[in-house]
Amino acid sequence: MHLEIRQTKDGSNTLYVADLNEHYHSVHGALQESQHVFIKHGLEHVLESKKDIKVLEVGFGTGLNAILTFPVALAQKAFIQYDTLEKHPLSAEVVQQLQYGQFILNPELLDYFRQLHDSPWNEPVDIIPYFTLQKIHETLEEFVPPRSYYDVIYFDAFAPEKQPELWTDAVFEKLYKATRPGGVLVTYCAKGSFKRSLKAAGFEVEALPGPPGKREMTRGVKPVVL
């Protein structure tokens, strides 16, 4: 897979996949997109009601979502178990070229960012007492999640037209079963067909203001049955 480093409008870098004609993040701002979609409307939303959280990320990619989650755990003293799926890990050379630590992250987090990428696969690693990482070397189709387990799902797959196999009714049925009652699935996508799949799985669908460059994003909530 041929990858190119490209700068987005907020100054942060992303990767362009020539084979798919697709970017890993929004060209309007990689950092802003991750912060808005996954941290603000996913993690911080759930942290309003609990401080012991299990996160599932679909697509570890550059590690940007993970390193943005890390300081939230530290600041709020929230215990976060962070499971992330990635079948095609980036090379150390590509990760270094992203230059996240130098340009957009607190320099103190740079060592932790490297540690996220250097951690072994398929076993939990305590990065700090508040943050445990488990990188799972599987596709979403291969992954068999525990039932009613995750509080937040970061659904950060490539767009539906680029990876249609990850945007099916069957996928969202699987993720619905893996989500705890009251838990959420968040994504940048706001397509009607995707929202219908979420609803068919059982999620209550919320259309929220999108990050820069997008009018809307989506949050699916698993209802609490009394």
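Strand E3 (22–23), strand E4 (52–58) and helix H2 (64–76) each give at least two residues to the lining of the largest pocket. Helices (H or I, at least four residues) and strands (E, at least two) are DSSP runs, numbered from the N terminus. This is a predicted model, in which local features need pLDDT of at least 70, side-chain atom pairs count only at pLDDT 80 or more, and totals for chains, interfaces and linings use all residues. Residues are numbered from 1 along each chain as its sequence is written, and side-chain values use heavy atoms, leaving out hydrogens and water.

Stay with that pocket. The largest pocket holds about 850 Å³ of space. A pocket here is an open set of points on a 1 Å grid over the protein atoms alone, where a 1.4 Å probe fits, with protein on both sides within 12 Å along at least five of seven lines; lining residues have an atom within 4 Å of a point. Its volume is the space filled by probe spheres set on the points, which are joined across faces, edges and corners. The lining has 43 residues, and Asp156, Ala157, Phe158, Ala159 and Gln163 lie nearest the centre. By class, 17 are nonpolar, 14 polar and twelve charged. Ala, Val, Leu, Ile, Met, Phe, Trp, Tyr, Cys and Pro count as nonpolar, Asp, Glu, Lys and Arg as charged, and the others, Gly among them, as polar.

H2 also packs against other helices. Helix H1 (residues 30–47) meets H2 at an angle of about 40°, with the axes 10 Å apart. Axes are lines fitted to C-alpha atoms, for helices over the stretch in contact, and angles run from 0 to 180 degrees between N-to-C directions. H1 and H2 are therefore oblique to each other; angles under 35 degrees count as roughly parallel, over 145 as roughly antiparallel, 65 to 115 as roughly perpendicular and the rest as oblique. In H1, the contact residues include Phe38 and Ile39; in H2, they include Leu68 and Val72. Contact means heavy atoms within 4.5 Å.

Now turn to H5. The axes of H2 and H5 come within 10 Å and cross at roughly 130°. That makes H2 oblique to H5. Ala66, Ile67 and Phe70 of H2 touch Tyr112, Phe113 and Leu116 of H5. This contact has six nonpolar, no polar and no charged residues.

H5 leads on to the second largest pocket, where it supplies the largest share of the lining, five residues. About 390 Å³ of space lies there. Its lining counts 20 residues, with Ala92, Val95, Gln96, Phe113 and Arg114 nearest the centre.
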